Amino acid sequence: MGRSNIPSVYDPQKVEEKLYRRWEEEGLFRPVKNDRQAAYAIVMPPPNVTGELHMGHALNNTLQDILIRWRRMQGYETLWVPGTDHAGIATQARVEEQLAREGLSKYDLGREKFLERVWEWKHNYGHRITTQLRRLGASCDWSRERFTMDDGCSAAVREVFVRLYEDGLIYRDDYIVNWCPRCNTVISDIEVEHQDVPSQLYHLRYPIKDSTESIVIATTRPETMLGDTAVAVHPRDDRYRHLVGRTVILPLIGREIPIITDEHVDPEFGTGALKITPAHDPNDFEIGQRHGLPQVQVIDAKGRMTAEAGRYRGLDRWECRQQVLTDLKRQGLLVRIEDLEHAVGHCYRCQTVVEPMLSKQWFVRMKPLAEPAMEAVRDGRIQFIPARFTKIYLNWLENIRDWCISRQLWWGHRIPVWYCRDCEKVVASRTDPAACPACAGTQLEQDPDVLDTWFSSALWPFSTLGWGWPDETPDLERFYPTSVLVTGRDIIFFWVARMIFSGLKFMDREPFREVFIHGLVLDALGRKMSKSLGNGVDPIEVIEKYGADSLRFMLTIGNTPGNDLRFHFEKLEGARNFANKLWNASRFVLMNLDGYRPGAAAPENMELADRWILSRFEYTRERVSTGLEAFELGEAARALYEFIWSEFCDWYIELVKPRLYQGTPIERAVAQDVLVRVLRGTLELLHPFMPFITEEIWQHLPHEGETIMHAPWPAAQPVLRDEDAEREIAYLIEATRAIRHLRSEMNVPPTRRAEAVVVIPDDRIRALVERWRGYIENLANTSVRVARVLETRPELTAHAVERGMEIFVPLAGLIDIDREAERLARELAQVEKDLSRVNGKLANPAFVAKAPPEVVEKERGKQAELAEKRQALASWLQVLRSN
C-alpha cells in the first residue's frame, strides 16, 4: 500500500469492516504451526445463543483478544476457540414467547415439533452475537466454532454423564431444590440471587394438645405452616425443656405434630421455637431426615397450594399467605408482626421469588470431585489472577452441596436415562437403547428432563478441541490444557470450578493453567447495567459511533484485574481522541518520508532527541511486555497512551520538524529513520489493544510481511536505553513547559515571539541547555538567552523555577498591562465566589453525611483546584500591579 494515499481523516467504519473481512477470508486467525514454540490456547466463555453483545461481553472478549494477538506476535501457535451456549431456560423462553404471539403453547406442538422450532430459531438468530463479536475485532478461529449442542459436544455430554453414573457419582433422589414457578424448573444454588427485601416476621401460637399451654413460633412464610410436621427447639433451651416430647395441634389444619430438639435451632432467633416444614425448606429437610419426619408438600410447581393445604387448595402462595394470616388472627393465634429485612432468593433469569420444594431430581455427588479441584489450586497447578479469588474459590468448594443437574425443560441435553416399563430397570446409555439390557423388553421410556446448561459448559475446554473426545484428536493433543481462562468474577462458581473438576476427572489434567478474573462493567454511577434500570450501553452502537478500537482501548485502560470498571462516555471520547492523535501523527510521518533511507540512523548520526525517543520507546516496550505478562493490561495500555500522546506526538515530532523541513540530507534521513522505527514499533506494541487502526497505518509504513498480526513482537534492545539522554532532554522539556506556562498565564498571544532568560548556576546543565536551546526556541516560540547569573532583573517579568533553572520572561511590549490586570482581577473574583460556594457545601455536615461519597469527593477535588487557581491568579495579579 502506498504512503501517499493515507486519508486525512480516520474512518473506523470503512477500515474495520474491510480489514476484518480480509483477516477472516485469508485465515489469519488460525494457528500457525510452530513446533519450536509452545502452543497458546484460550476457549471463549460461550455467550448465550439468544444473546446480543453487552458491555460485559465486550470487556471479556477484548481482554482475550489482547492476549491472543500478543502471543501470536510472539510466535506462539495460538488458538482461540469461539462458540455459543444453548442456554436452556433463556432459549426455550424466547421460543415460547414467539409461540404465544401465534396463540400457541409448546404443548400444542408437542416435544418433537417444539424442538424443531427451537433449532429453527437458533439457525435464524444464533449467529447474531458471533457477528457482533467480529465487529469488536475478536481474532478467534471461526473455522473451529462450536455450539454446546453440536454433535461433538452432545456426545461428550453423554459420555461424561454415563461415566459419572457408572462411578456412582450421579444419583436420583427426593431433595429440596430451588424451584422457579415462572420458569417451571429447578435452578441450582448458585443460580439463586439473594436480595435483601423488606419483610415481616410473624409470631404464631400453636396450642399444646390436652393443655392450656401453647408454644409461639416465628416465621417469614406463614403459608408454609400448612406443611409443618414438627416444632423444634434447642436441646439446651430451658424455656421449652418441659414441652419436649409433647404434641402440638397445627392451627387451621388440625394435624398433630411433635415438639423435638435439634442442635440446628438458634435460640436467639425469633422465639427460639422453629416450625419444621421438611418439604419446603432445605434446613427443615435436613432436620426431618435426622428425625424421620413426614414430608407434606403444600405448594406445587406453579406456586399454588396443593390438596394437602386443605381449604386453601388452589390459592396462589401469596394469596394463601394473606388468607392464612386473616384466619389465624380471627382465631387469636397471630400474636404479633415484626418488620424485618432479610435475604430472599430470586430466579436469576426472571427474578421470581424462588420456592424451596421437595422434588425428585438428578444430582452429582460433589465431595469426591471437589477435593482434587481444590488440590490443583492449592499446589499451584492452577493460579487465579488476582490471587484473592483463590480463597473465594476454595471456600465455596469446601462447603459445596451436591449439584442438582436436572431441569424441567425440553430444550437442552436430554438426560440419557431410560426406564424399562417391563422390569423397572434404570438404564444410563451413551446411545439410545433399542431394548432393556436386563429383560430385553422394548418398553423403554426416556427421562423427560434435560441437563443443567452448565453441565455441558463444564466440558468446554476439552469437548471443543477437535470433534472426537473421548478419542484423542490433534487439537486436544496440541492445545490441552489450555493456557488461560479469561472470565468475570460472577461465574467462578457457575463455570470455573465445574470446568476444573471435569477436566481433572476426565482428562487427568487441569483444563487451564491460569484464571484471569475481571470485574463487571458498571454505569457511571457505579450501578450494575440492567434493563430494569435502563442504564445499559449497547457496544454495537458505541462501535458504530466511535469505532471498535476506541471502545476496546477505553475498556482496557481503565481495567485492573478483578475490579469493576465504570463506563464513562468522557473516557470513550478520550479514547477516540487518542486514535485520532495517533492517525494524525502517523499521517505527518508518512507525508515526510520522501527520500526515506532505512538504516540511516546510525548511532554516530543521531541527535539528543533521537537517542531520547529510542530510549523512551525501549522503556515503554518493557512496561507493556511486563504488564501483559502480569495480566496488568490496563497498565500496559496506559504506558502506550503516555508514550504515544506525550513523548512521541507532543515532543519528538515537534523536535524533529526543523530537521525535516530545513535540515541537511543526513539530518533529514536520520529523523525519518527514527520516526519510522519508533512509529512502526509502537504500532506493533499497540496492535493487540487497537487492532484496526494499527493495521491500517502499518500497511502504509515501510514494513515486512503481509499483516501486523504476524509481525514479530518488538524484541528487547537494552542498548537503546540512554539515561543520559533522558535526563538531559528532561531539562529542555521542563524549560519549554515553564515558558509555555508563563506565556499562557499572562495571556501572551501565541503568534508573538517572546524573549526568555534561563539562569542556570550549574555549568554542566547550562552547557547542555545552551547547546540545545534551539529545541526550546522552536517549541516555545521564544528567543532564549542562557546565563549563569542575572545581573539585573527586567521590569514586569514573569518568573518560574524548574529543576534548578530560573526562567524569566519580560512582558513589556508583549501584553496590555492594564487590560491584563483587569482580566485577572475579574477571573480572581469569580474563582473566589466559586470557592466560597464549595467551601459552604463542604462545611455543611448534612451535605457531607447524606450526599453520595463520589459527589462529596468531587466537591473536595473542586475545592483543591479552585484554591490552587486562586493562589496562582493572585500571584500573577501582584506581578502586574507591582510594575
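The expected span of a helix is taken as 1.5 Å times one less than its number of residues. In this predicted model, helix α26, formed by residues 817–842, comprises 26 residues and extends 37 Å from its first C-alpha to its last, close to the 38 Å expected at 1.5 Å a residue. The buried positions of α26 are Glu820, Ala821, Leu824, Leu828, Val831, Asp834, Leu835, Val838 and Leu842. An α-helix has 3.6 residues a turn, so residues three or four places apart point the same way. The cover over the buried residues of α26 includes α23, α27 (845–850) and α28 (853–881).

Helix α23, one of the elements covering α26, spans residues 723–745. Its 23 residues reach 32 Å between the first and last C-alpha, close to the 33 Å expected at 1.5 Å a residue. The N-terminal end of α23 is capped by Asp722, a side-chain oxygen of which lies 3.3 Å from the backbone nitrogen of Asp724. After the helix comes Asn747, with a positive phi near 60°.

The axis of α23 also comes within 10 Å of that of helix α24 (residues 763–771), and the two cross at roughly 70°. Since angles of 65 to 115 degrees count as roughly perpendicular, α23 and α24 are therefore roughly perpendicular to each other. Glu728, Tyr731 and Leu732 of α23 form this contact with Arg764, Ile765, Leu768 and Val769 of α24. Classified by residue type, the contact of α23 with α24 contains five nonpolar, no polar and two charged residues.

A further helix pair is formed by α17 (residues 548–557) and α20 (residues 633–662), which pack at an angle of about 115° with their axes 7 Å apart. On the α17 side, the contact involves Phe553, Thr556 and Ile557, while α20 contributes Leu633, Gly634, Ala637, Arg638 and Tyr641. The composition of the contact of α17 with α20 is five nonpolar, two polar and one charged residues.

The side chain of His234 makes a polar contact with the side chain of Glu263 at 3.3 Å. When residues up to four places away in sequence are not counted, His234 touches Asp262, Glu263, Val265, Pro267 and Gly272.

Key
Residues numbered from 1 in each chain as written. Predicted model: local features only at pLDDT ≥ 70, side-chain atom pairs only at ≥ 80, totals over all residues. Heavy atoms only, no water. Helix = DSSP H or I, 4+ residues; strand = E, 2+ residues; numbered from the N terminus. Polar contact = N/O pair within 3.5 Å; in protein donor to acceptor, adjacent residues only side chain to side chain. Axes fitted to C-alpha atoms, helices over the stretch in contact; angles between N-to-C directions. Parallel < 35°, antiparallel > 145°, perpendicular 65-115°, else oblique. Contact = heavy atoms within 4.5 Å. Nonpolar A, V, L, I, M, F, W, Y, C, P; charged D, E, K, R; others polar. Buried < 20%, exposed > 50% of the residue type's maximum accessible area, 1.4 Å probe, protein only.
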